[in-house]
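Reader: I am new to reading protein models. Please take me through a single part of this one, step by step.

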Amino acid sequence: MSLSTGQDSVAMASLVPIPEMDGVRSPLPLGEGLGVRASEARAGAASFVDRWRELEWDDIGMQIRAKTTRDVELALASPRRTLADFMALISPAAEAYLPQIAAEAERLTRQRFGNTVGFYVPLYLSNLCANDCSYCGFSMSNRLKRKTLDAEEIERECLAIKARGFDSVLLVTGEHESKVGMAYFREHLPQIRRHFSALAMEVQPLSQADYAELKTLGLDAVMVYQETYHAPSYARHHLRGNKQDIDWRLATPERLGRAGIDKIGLGALIGLSSDWRADSYFVAEHLSWLERHHWQSRYSLSFPRLRPCTGGLQPSVVMSDRQLVQLICAWRLFSPTLELSLSTRESPVFRNGALRLGITQMSAESRTQPGGYAEGDKEELEQFAIHDARPLGEVADVVRQAGLQPVFKDWESFLGR
Ligand code: SF4
């Protein structure tokens, strides 16, 4: 399916059904030995953690389900949409308005971002991890061949990525403080930076001082997905390691803001909790809080759905394609300036269809294992199976056929950073 016009977008939006909800939220105590992290999470000023503790998961879910068609119409008509409007736009009541919501999402996206889609690619540096997450192939208890790239291997990987045409990379590692912590980043970031005009990271949450230091080495953006804002689900899926400390993770975006990182990526992993609508609302609360307190940074958002991985986990809720379209469009209406990213977790058909509806960033040809570009696919090393394996050229052609320009480089370092 190709959505090359606004009408096509509306056609994509006139697809499928509805989900169910549940959830009990309880305060989660900090893990053992995490006192230092906790004190930094709360150092000084206000923290989103405090706001998060005030929000009642079940109540949020009920409020969303109680939204009416009138609420949806008011949200659609509003010139400046609120959190209550976002609730209405992701509600079951909004499903009947998907064509209008999609048309408005497309209009706002073109108005703010023009006819462009940026391309990036993940560069997996290591699959070592000291955490156990029920949904991830890199979990320490999985019997997986472990690999961390050295300087020579990184160089080969960078050259292989450049040869494919990418100029923006997302560095990914498992969370392993001693093997792929600050010492590793200090050593290798400058080397990688020399090859690319934009550098993002998706690694273990770090301190404010560490982020500030990485910024001086060329770091532009950090993605730190909360996975789920539902404390019991978070505890159920994070079984061992530092990631069990939900407060530390929740406060990571604000540490990034204080460190002056240019772009901060948020998101929840859809399918971990059984209420994707409530989780999405919590992300919206988080974004609103950050935009108020750290307005100098830009924000981006992803909406990953659980994919098969080593040790496989069934999603608690299956979100349909139609519901994901609704969510993407609701985000655009709520925040016209937010970057929305769609990865190769999604199928070619879905990515082609959703392209014009709010998406501003796409990955392509992704390998989710260290060494995947220079040495070829090695399934036994990968984090999860991707769904869209098309080469970059093919995806870029689809973007052009949709009337958009694929953008590989949008910044020159001599312009300052
Ligand atoms: S999700 Fe991240 S922290 Fe959890 S096992 Fe995978 S790489 Fe490690």
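Author: Start with a term: two strands pair if DSSP finds at least two bridges between them. Keep in mind that this model is predicted. Now take strand β1, residues 116-126.

Begin with its partners. Strand β11 covers residues 405-407, and three bridges join β11 to β1. The two run parallel. Here Val117 faces Pro406 of β11, standing opposite.

Next comes strand β10, residues 361-363. Three bridges link β10 to β1, again with a parallel run. Gly118 stands opposite Gln361 in β10.

Then look at strand β3, residues 168-173. β3 and β1 pair over five bridges, in the parallel sense.

Is β1 buried or exposed? Of its 11 residues, 10 are buried, so the strand is largely enclosed by the rest of the structure.

Now turn to the ligand. Its surroundings include Cys129, Asn131, Cys133 and Cys136. Phe138, Ser139, Gly174, Glu175 and Lys243 also belong to the shell. Sorted by class, the shell has four nonpolar, three polar and two charged residues.

How far should you trust the picture? The chain has a mean pLDDT of 88. A value of 70 or more is reached by 85% of its residues. Residues 1-36 are another matter: pLDDT stays under 50 there. The model still has 92 contacts beyond four places in sequence for residues 1-36. Where pLDDT is low, predicted coordinates should not be read in detail.

How values were computed:
Residues are numbered from 1 along each chain as its sequence is written. This is a predicted model: local features need pLDDT of at least 70, side-chain atom pairs count only at pLDDT 80 or more; totals for chains, interfaces and linings use all residues. A residue is near a molecule or strand if its C-beta atom, placed from the backbone, lies within 6 Å of it. Ala, Val, Leu, Ile, Met, Phe, Trp, Tyr, Cys and Pro count as nonpolar, Asp, Glu, Lys and Arg as charged, and the others, Gly among them, as polar. pLDDT is the predictor's confidence in each residue, from 0 to 100. Two residues are in contact if their C-beta atoms, placed from the backbone, lie within 7 Å. A residue is buried if 20 or more other C-beta atoms lie within 10 Å of its own, exposed if 12 or fewer, and partly exposed in between; C-beta atoms are placed from the backbone. Helices (H or I, at least four residues) and strands (E, at least two) are DSSP runs, numbered from the N terminus.
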